[in-house]
Amino acid sequence: MTDTHLRATDSGTDCYAAARLRLLHDRTRSGPALRAELARLTDGWLAGLLGRAQGVALAAVGGYGRGELSPRSDLDLLLLHAPGADPAHVAAVADRLWYPVWDLGLALDHAVRTPAGARRTAADDLKVHLGLLDARHLAGDPDLTAAVRATAYADWRDRAPARLPELRELGEERARHHGDLRFLLEPDLKEARGGLRDATALRAVAASWLADAPRAGLEPARALLLDTRDALHLTTGRATDRLTLQEQDQVAAALGHPDADALLRRVYEAAGTVAYAADVVWREAGRVLRARSGRPRLRRVLGGRGGRGGFVEPERLPLAEGVVEQDGEVVLARTARPGDDPVLPLRAAAAAARAGLPLAAHTVRRLAAAGPLPEPWPAEAREHFVTLLGAGPHTVAVWEALEAEGVMSRLLPEWERVRCRPQRNPVHRWTVDRHLIETCVRAAALTRRVDRPDLLLVAALLHDLGKGLPGDHSVAGEAVAREVAPRLGFGPGDTAALALLVRHHLLLVETATRRDLDDPATVRVVTDAVPDGPTLDLLHALTEADALATGPAAWNSWRASLVGGLVRRAAGVLAGESAVGRAEPSPPSAEGERLAAEARGTGSPAVALSAGPDGVELLMAVPDQPGVLAAAAGVLALRRLTVRAADLRAVAGGVLLLRWRVAAEFGDPPAGARLRDDLVRALDGSLDLAGRLAEREAAYAGRRRALPLAAPSVSVCDGGSHDATVLEVRAEDAPGLLYRIGRALEGAGVWVRSAHVSTLGASVVDAFYVTGVDGVPLREATAVASAVERALA
């Protein structure tokens, strides 16, 4: 290369770098226009680098080949050369291309091949083959690029029966590894299910000519994901596809959304469109491949009536009026007229869900044209609706198919407010809409426990419809239920029951996990809200379904036993049993009795660990003395045991029994003997818990990510108990938090009679039943609560 050529190349690169920088800072360009202009600018630069080289061609592949160049995307380039070309010449051309790219700090994915070599590599590597389908000529000999494209498409169509299953498996593997984009608080816009990789896969399936995706909304959805990634690149200055929490507000502002939730909702909607299209495409591709693999004669025997030219019409099996099964999907009968049958969408959906079959995409489009249901709904419509909700796991796919065409939002306008609405509480694994459907799925398995399964299923669907409205979502949801239920055809009594279930759907779990079950005031909280036993059964089932649908942190055998105990006590009162005076505490387990006897006999703590389905359960029996709670919690924090739930109460003989559910931060939990020794030393003062925990906190403080956390709050629960004061502490979970709470309560001069600790994701809600040293409720409860709050701040 001559000095003159070097100077010309350097000059061109400098001009490109300046033009690229101006373009990326030009806020008047965004979206497809920005990507296309960046690709055009880069095309010209690379063509100038190649110059008039003979016997070679430069092609863009992958996203760059599609002309969709994001600000920090790799440059995917393929340098083609004719067979027999001088290797030294090809190497010199490659150097002329690659080094300026690297010098600018741009990411480069490159290869040098002959057309035949590119074909061989594609035959062995699916990802290479996919990239060649988007090959675009940039410079040099266009015949070389044309040859590669032609063979890539011909081979793709010829080998589709082998390649498409491989492509589908790649998508499923990505979904297993990266999750479903629609439900992630920090989604990977490219790799997660419903992301850009899946959108590219749909193009590849279409190129095979075997199946095509539903076109409605797909291209805008893909463009929105690309726009979001562009904004993410420009915001971070990095080539990242993960939309992390700390970048969401900036990305939202860059795209003109009011806040991060609005951004996530749009992203989730786009991902849902891509994911639904992928489901439809893979179902169709699988059907075509199965049909091609079968013997024509066998298909003729098994497939139904033969037609002209050997065509075999698929068998159609009736499922409901106007609804049939055909080739593994639910379709409409020939006589069905959606425009004249407003109940048909619900009838078809119920039939599909009960049969465990998908609704065909073209059928859903026809159902979207059905007329509006009369108000109130006729009994048939309501029955089909309940059948759909009660079909278990099959409800999900059918509901999502109807939602893809807007059918559900027309049937239930309130649904639009919660559709794709994110939930930033880490306990929740789903968006609001999917959580409601998952609650129906869980409730379907509990319908045998209640007198009115229909009310349970509809309450499961309605219970969080108040989210997105001002105020407490349970209170807002009650008003929504009172509007929706009559429209669905429920009478005044059933409407009142549904409204009550929605209003109090958190009552049982919050009361059971935060209050003393042996206190009559705790039971009265439930019996004052629930009028009778059948309604209590419905609320119990709804509570369990809601928690199971929330995520693993929201329900376990511990919580189930607490809620069950509360329901049994409340059911007794509703049945007429007396609740006067403090109830006798339920006896401890046999292991608890053994430890309590040991602690009474030795005058020192007794400890036992056991592994259960919900983690490690730890029992401690300790002679009653000041500071037990703080000492025990401090020992657990020192040994890196995270407290998930806990219960403290006094038992006969002056012994406190502490029941903990813990998880080890690293490795296995320590032996019970070591915990006992630590507890003995903490209680006699020879173990400096405060100093040891402060040292560890200081050592790790710099490694933790700072989060904008709300300050802890301590409140007095009026009426929570007649013979104790109930203090409720709400705070962000942190190592040693329960130890600090115990120290704060001890410093406030109160006696902890019982405690109920509940950890949900990053938050804790702990209830402490306390008295003064005289054993009576606190006289200055508010002052004590304020003192504890200040100590925790």
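Predicted model: local features only at pLDDT ≥ 70, side-chain atom pairs only at ≥ 80, totals over all residues.

Trainee: Which domains does the assignment give?

Mentor: The domain assignment gives domain 1 (3–159), domain 2 (179–237 + 245–292), domain 3 (318–411), domain 4 (426–577), domain 5 (588–687) and domain 6 (691–792). Between the C-alpha centres of domain 3 and domain 5 there are 56 Å.

Trainee: And where does UniProt place the HD domain?

Mentor: The unreviewed UniProt entry puts "domain: HD" at residues 432–555. That span is 69% helix and 0% strand, and its end C-alpha atoms are 18 Å apart.

Trainee: Let us turn to strands. In what order do β5, β6 and β7 run in their sheet?

Mentor: The order is β5-β6-β7, in an open sheet with antiparallel pairing. The edges are β5 (316–320) and β7 (329–332), each of which pairs on one side only. On average, neighbouring strands are turned by 40° against each other, direction ignored.

Trainee: How many bridges join β6 and β7?

Mentor: Four bridges link β6 (residues 323–326) to β7. Within this pairing, V323 is opposite L332 of β7.

Trainee: Now the helices. At what angle do α14 and α17 pack?

Mentor: Helix α14 (residues 344–355) packs against helix α17 (residues 394–404) at about 150°, with the axes 8 Å apart. The crossing is right-handed.

Trainee: Which residues meet there?

Mentor: From α14, A349, A352 and A353 meet H394, V398 and L402 of α17. By class, this contact has five nonpolar residues, one polar and no charged ones.

Conventions:
Residues numbered from 1 in each chain as written. Heavy atoms only, no water. UniProt positions renumbered as here; feature names shortened; annotations may be inferred. Helix = DSSP H or I, 4+ residues; strand = E, 2+ residues; numbered from the N terminus. Domains from an automatic or database assignment. Pairing = 2+ DSSP bridges. Axes fitted to C-alpha atoms, helices over the stretch in contact; angles between N-to-C directions. Left-handed = near helix turned anticlockwise from the far one by under 90°. Contact = heavy atoms within 4.5 Å. Nonpolar A, V, L, I, M, F, W, Y, C, P; charged D, E, K, R; others polar.
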